[in-house]
Amino acid sequence: DLQGPEIGGHVLNVEILNFVSLTSVVNVSFSYEFGGRKEFFDSVQIVSSNAQKTELLIVTPEFKGVVQTGNTDQSIVIFIEPSQDSKKKVSFNYLVQAVKATFIAANPSTVPASGGKTVTAEIDFFEYPTQINVTFGGVLLPPTDISVLTVSSKVKSFVKISLPAKTYGVYFVVMSPALCATPCAKSVGFAVNLYDESLPVIQLPPSGGPLQKTTLPTLYLTNAPALESITSITLAFGASGTSSFSAEAPVDIANLQESTVTGVKRITVTLPSNITAPGVFRVSLRFALAGGMNKSSAPFAFKVFDGFAPRVIEINPSRIPTTAMVEGRKLNLQSKVSLLCANFPNDLTNLEELSAVLSPSLQTAEVLEVKHLVTCDWGVPDCNRTLVKLWMPAVEAAGVEEFVLSRIVNGSLQQLAVADLTFVPSCDHEFFCKQSGKMVNYVKLLGNPILECSASVCLDKMLISDPVVLKVTPTAGRAGTQVAVQVKDLPAFAAQDVSVVVTGSASRQRVSVLSLQQDDGSTLMASQGVLRFEAPQFMSPDDFAKIQISTIVGGKARVLAFPFEFEYLPQITGRAQVVSFSPASIMQEEALILFVTVQNVHRIDRPYSADQLLVQVAGVEIAPPGLVSIISSDRTATSLRISMPASAIAGSSMEFGVGSKIEGSTNLGLFSVDIVPTPLPVIISSFPRDLSAGAPADEEHVISVTVAYLDPALASLDASNLVVELSGVSTEGGASVDVLKVVSTTAVQSCTARYCSVIEFMLKVPALDQEGKDTGGTANMTIKTAQQEVIIDLAFDLTAAGEASVVLVQPAMIPLGGNVEVTVFLKNFPDPACKTSNTCVQQVNAANLKVEFANGIALVNPTEFLKEQSNGMFVLKFPAPAGAFAGAETGNISITGGGKLEFDLRYMMPSAHVSPMDGRVSGGETITISATGWYSAETVRMTWSTS
């Protein structure tokens, strides 16, 4: 608030944008101007300062001479000017509030007239510190009889005076600052009653009694006349301000008796019979003495009340503090008050039936407890006793509030009790604690508001620690995300006392704290609680913002030793973007295992839960768990796995939608998976690898074919239940082709459909008849079931007996760079007869052996050739040349005057080189992939996966 009392002490928290960066208060002046004069502030602290924003803590001084005679509020202008750049001088208006010295109470207000007794006056906003003049009955008291108590402050003063001996009566006391000219506008006055100590005095007189009881409470007297001198005693009920009626009743002298205390007598009196209605009276005892003299006791107030009506007997405390300011914080002091009530309804136990309202502020109090202490039979007046405990609201203005306690009956208020409650300014606790170099423990003061200054609410600043963050939830989000911070030892108990600053490389923002909830038992020295704030729109290009939490206690900023980071995730707008999915198609009867990577979705934190995603098929949500699982999720993309059984696959394609559930079905990323028919059975591999390469017709051969897409039930058939139909050639003696083995080689466990079926058939092919041996031929074979159902057709080429052929090439795969030894096994090379005479190597050496490749490379009888004869075969060894591309490279072997024998070398691609190997999760990195032996850029396809 830009207003405060003229006595100063108001703490201002000032924020200035685009001010100069301050390192010390000596670089800036703080002043105010009024009436042509300029005054400076001397209590200023820099909380934080940079080129964007400066935060200052300013304590206002006493504004002497600002509020003129008449005590009206006065507006002034406060200036803040940096010494290095006067153009950045700023100013603002401040309302100086007039305060007036107000007498609160005198204790005691009635004292003996014999002198030497002390009275202490309580005064709000009296000039402090100052010498004081006091007049008693118009006579100036000597300074030695006046003392200002040390608990005094500018807000509240306590002045004790010693009274002179005077004749009894009422005297007026005036207190003024010693330097205040007469008449002094700053003076206060009050009355003190001096009484004659020789007169009878009723000690601790009763405050009242019920109309229904004739006997009053016993009265106790000191200075009572001697019994033998008394001729009569009269009880007088005199009129008061609230009652014009008066009455008297004689008292039996025998009722005046000695008490158990020396010098104290007791007397029993009865209510005058003509008092028949409630009222307040001035009650005294009048003693008629021998010789015609009368002596009367000082009157006391006595309330005659209805003994069956609810009423307040006592309110404790009856004076409680108003709101207070400590270190710029407004403390809403809420006191607990107890009411002792009579004749309260015994059936009232439900607190919600009670209403407690203050007037004129119209604020409500909270009823904490109703406890029936004494319960009496019906018809006994003024017997029931009930204790009601309440929590009063915080009231800013000092004064008397009428407190009305009512019962809610059928929606209407039934008044039960009325009492006066006085709100007064409390001690200037901040000033008091500063005298001992300490600060106000405002948390303790809030828990137990007190009026008087006390060292019990002062705290050593060194006992307060800096706060530490225990946990942040969530640690990532977007603008508007509510962040909960579990923090330890944060010395703050109100959201407005805490500063949260979000900093990036190009911005610094202060955000409001939504709530601060400290655990029960937390104090300024040790606390644990949860602070909540809303992440602001981040003005920096960074992925992470630094979050600093601080508060000011005891004039010092308490900050986190280690600010924590909050990750700002990309803003989600529009549809989710499916960047990859695999497979793009599946076969009929195939279960779907689908891998999807999607962007523009909310990141899913660990532990992953698919509940945060919305996955639809044909517009219908797939309900996780089980069918949908999260593989990975970061700020840029989420990868997931979708599983669907074969029974759920239908049609020619399936339309999928994937996105964040919070964004709804209208923002899903869409894609389709095609459902293709299962292909016809096909041979996918064989042994030998090339059945068309030719094999000698005069020999028996064992071959195998591996067939895909067959009925998987065929794998369970016994080989004897299969037949092979042969055409194109004739076998020796008409022997049949036999099935040696049938076995499933599928990689899919429990395969029950054609799409995953892989079956290997091993066949024994007999040698051909003589004509076939001489010419060779193609053996066309059809594998059938015993029921003549065709399984697969295949062809096996056989060469004429004695014709040269390539039997085997090793190794199966060759590095692209070559330089490994290749071994080729040839049969009947260079002719069938050489194996008998063991001259195959010599004949080849003489026949100009060549090895040529389709890429133009030729090896002509080089010294690197190694030739040998083994097991009836010619073995050729040579170093493999380097290949240009990965894959098969066709070569042929020839000699002068002979044909060419073809063979394949299969080159494998070396591993690619990737640079750089690592990158940011946000993407945007340029990656260079170097690969040797690639066919062409058009054949490149990239896939990404996480690990």
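How do the residues of the lining of the largest cavity divide into nonpolar, polar and charged? In this predicted model, the lining of the largest cavity consists of six nonpolar, two polar and one charged residue.

**Cavities**

The count comes to two cavities of 30 Å³ or more, and their volumes and linings are set out below.

| Cavity | Volume | Lining residues |
|---|---|---|
| Largest | About 40 Å³ | Gly 209, Pro 210, Lys 213, Thr 215, Leu 216, Pro 217, Leu 271, Phe 302, Val 304 |

For the largest cavity, the elements that give two or more residues to the lining are β19 (208–210) and β27 (300–305). The lining of the second largest cavity divides into one nonpolar, two polar and four charged residues; here β3 (28–34) and β7 (74–82) are the elements that give two or more residues, and β3 gives the most, with three residues.

**A three-stranded sheet**

An open sheet is formed by three strands in the order β2-β6-β5, with antiparallel pairing. Because β2 (11–17) and β5 (44–49) stand at the edges and each has a single partner strand, one side of each is left without a neighbour in the sheet. Neighbouring strands of this sheet are turned by 20° against each other on average, direction ignored. Between β5 and β6 (residues 53–59), which run antiparallel, there are five bridges, and Ile 46 stands opposite Leu 56 in β6.

**A loop glycine**

Gly 897 lies in the loop between β74 (887–894) and β75 (901–908), and its relative accessibility is 87%, so Gly 897 counts as exposed. From Gln 97, Gly 897 is 800 residues away in sequence and 125 Å away in space, C-alpha to C-alpha.

Conventions: Residues numbered from 1 in each chain as written. Predicted model: local features only at pLDDT ≥ 70, side-chain atom pairs only at ≥ 80, totals over all residues. Heavy atoms only, no water. Pairing = 2+ DSSP bridges. Helix = DSSP H or I, 4+ residues; strand = E, 2+ residues; numbered from the N terminus. Axes fitted to C-alpha atoms, helices over the stretch in contact; angles between N-to-C directions. Buried < 20%, exposed > 50% of the residue type's maximum accessible area, 1.4 Å probe, protein only. 1 Å grid on protein atoms, 1.4 Å probe; cavity = no way out; pocket = protein on both sides within 12 Å on 5 of 7 lines; lining within 4 Å. Points joined across faces, edges and corners; volume = space filled by probe spheres on them. Nonpolar A, V, L, I, M, F, W, Y, C, P; charged D, E, K, R; others polar.
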